[in-house]
Amino acid sequence: MNESQFRELCGAGCETLEIAGKSVPALVSTCADEKTILIGGTLNRANYVARVCVLDIAPVFPSELPGKVISYAGNAFRIVQCRKHPRSDIVHLTMSEK
């Protein structure tokens with residue numbers, strides 16, 4: 001997905017994440033299995049996958065995001081995984097309730 005496709009999807013309405021002091025538009029969905037996340041075992045916390053445009057989080061690099069605490073829907077979440085395809089403008093953030 002490129003930036004223009006992401007912006008088009010967000011135009012229909014999207015969520016907002018607070019990352020590094022910035023409000024960033026995001027497409028957020030629940031993980032397939034909300035009870036399990038591959039980072040050492042089972043967590044009984046809310047887990048989400050957020051998709052954000054890499055340009056919206058600049059100058060922060062996606063590789064710097066795991067472990068960071070961000071805000072979503074008034075709650076604190078820790079980014080546990082970050083994925084970005086080299087030819088995509090979209091970063092996939094797996095986040096778990098802090």
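Two strands count as paired if DSSP finds at least two bridges between them, and strands (E, at least two residues) and helices (H or I, at least four) are DSSP runs numbered from the N terminus. The model is predicted, so that local features need pLDDT of at least 70 and side-chain atom pairs count only at pLDDT 80 or more, while totals for chains, interfaces and linings use all residues. Residues are numbered from 1 along each chain as its sequence is written, and side-chain values use heavy atoms, with hydrogens and water left out.

**Strand pairing**

- Strand 2 (residues 22-30) runs antiparallel to strand 5, to which 4 bridges join it, and within this pair T30 stands opposite Y48.
- Strand 1 (residues 15-19) is also antiparallel to strand 2, through 5 bridges, with E18 opposite S23 and I19 opposite K22.
- These two strands form a hairpin with 2 residues between them, and A20 in the turn has a positive phi of about 50 degrees.
- Strand 1 pairs in the antiparallel sense with strand 6 (residues 69-72) over 2 bridges, where S71 is the bridge partner of E18.

**Nonpolar core**

- A nonpolar core is a set of buried (under 20% relative accessible area, 1.4 Å probe, protein chains only) Ala, Val, Leu, Ile, Met, Phe, Trp, Tyr and Cys residues joined through side-chain atoms within 4.5 Å.
- The largest such core has 17 residues, and L17, I19, V52 and L93 have the most contacts inside it.
- Its largest share, 3 residues, comes from strand 8.
- Leaving aside residues up to four places away in sequence, L17 touches (heavy atoms within 4.5 Å) residues including V24, V52, I70 and L93.

Note on methods: Buried means under 20% relative accessible area, exposed over 50%, partly exposed in between (1.4 Å probe, protein chains only).
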